[in-house]
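Colleague: I would like to learn how to read a protein model, one feature at a time. Could you show me one and take me through it?

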Amino acid sequence: MNNYANVKCPSCKTVIKMVVPTNKCIPFFECDSCREIVTSKKKCCVICEFSDTKCLVSHEIK
Ligand SMILES: [Zn+2]
Ligand SMILES: [Zn+2]
């Protein structure tokens, strides 16, 4: 069973469906639409910063 996050590209606002990994963070991703490399700066990963959900790693840390 996979968890999915809808990650929104801050440059072109395209929403990208991404699998949420259970054991690591995703610090950056390449946007499918504008090819921008989107990097998380404020939070632990792009899922926490740019999507409607949170990564599983941050849930375990608390
Ligand atoms: Zn984009
Ligand atoms: Zn995170």
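Modeller: We will go from the model as a whole to single residues.

Colleague: What kind of model is this, and how are its parts numbered?

Modeller: This is a predicted model, in which local features need pLDDT of at least 70, side-chain atom pairs count only at pLDDT 80 or more, and totals for chains, interfaces and linings use all residues. Residues are numbered from 1 along each chain as its sequence is written, while chains are lettered from A and ligands numbered from 1 in the order in which they are written.

Colleague: Where is the confidence lowest, and where is it highest?

Modeller: The score to read is pLDDT, the predictor's confidence in each residue, from 0 to 100. Here the protein averages 90, and 90% of the residues score at least 70. Confidence is lowest in helix α2 (residues 56-61), with a mean of 66, and highest in β4, at 97.

Colleague: How many helices and strands does the protein have?

Modeller: Both are DSSP runs numbered from the N terminus: a helix is H or I over at least four residues, and a strand is E over at least two. The protein has 2 helices and 4 strands. Along the sequence the pattern is β-β-β-β-α-α.

Colleague: Which way do β1 and β2 run relative to each other, parallel or antiparallel?

Modeller: Two strands pair if DSSP finds at least two bridges between them. In this case β1 and β2 are antiparallel and joined by 6 bridges. One position to look at is asparagine 3, which stands opposite valine 20 in β2. The two strands form a hairpin with 6 residues between them.

Colleague: What should I look for in the backbone angles of the loops?

Modeller: Lysine 13, in the loop between β1 and β2 (15-20), has a positive phi near 65°. Arginine 35 also has a positive phi, of about 65°, although it is not a glycine. Arginine 35 sits in the loop between β3 (28-30) and β4 (37-39).

Colleague: Is lysine 13 buried or exposed, and why?

Modeller: Count the other C-beta atoms, placed from the backbone, within 10 Å of the residue's own: 20 or more means buried, 12 or fewer exposed, and anything in between partly exposed. Lysine 13 is exposed because it has 10 other C-beta atoms within 10 Å. Arginine 35 counts as exposed, with 10 C-beta neighbours inside 10 Å. Valine 15, in strand β2, has 14 such atoms within 10 Å and is therefore partly exposed. Over the whole protein, 18% of the 62 residues count as buried.

Colleague: Which residues make up the largest nonpolar core?

Modeller: In soluble globular proteins, nonpolar side chains tend to be buried together. A nonpolar core is a set of buried Ala, Val, Leu, Ile, Met, Phe, Trp, Tyr and Cys residues joined through C-beta atoms within 7 Å. The largest one here has 10 residues: Ala5, Val7, Cys9, Ile26, Val38, Cys45, Val46, Ile47, Phe50 and Cys55. β1 (3-8) and α1 (46-50) each supply at least two of its residues, and α1 gives the most, with 3.

Colleague: Which residues does serine 51 touch?

Modeller: Two residues are in contact if their C-beta atoms, placed from the backbone, lie within 7 Å. Serine 51 lies in the loop between α1 and α2 and counts as buried, with 21 C-beta neighbours inside 10 Å. Leaving aside residues up to four places away in sequence, serine 51 touches Ala5, Asn6, Val7 and Lys8. With that sequence limit, the contacts of cysteine 9 include Thr14, Cys31 and Val38.

Colleague: What is the radius of gyration of the protein?

Modeller: The radius is taken over C-alpha atoms, and the globule rule is 2.2 Å times the number of residues to the power 0.38. For 62 residues, a compact globule would come near 11 Å, and the protein has 11 Å, which agrees. Along the principal axes, the C-alpha atoms fill a box of roughly 35 × 25 × 15 Å.
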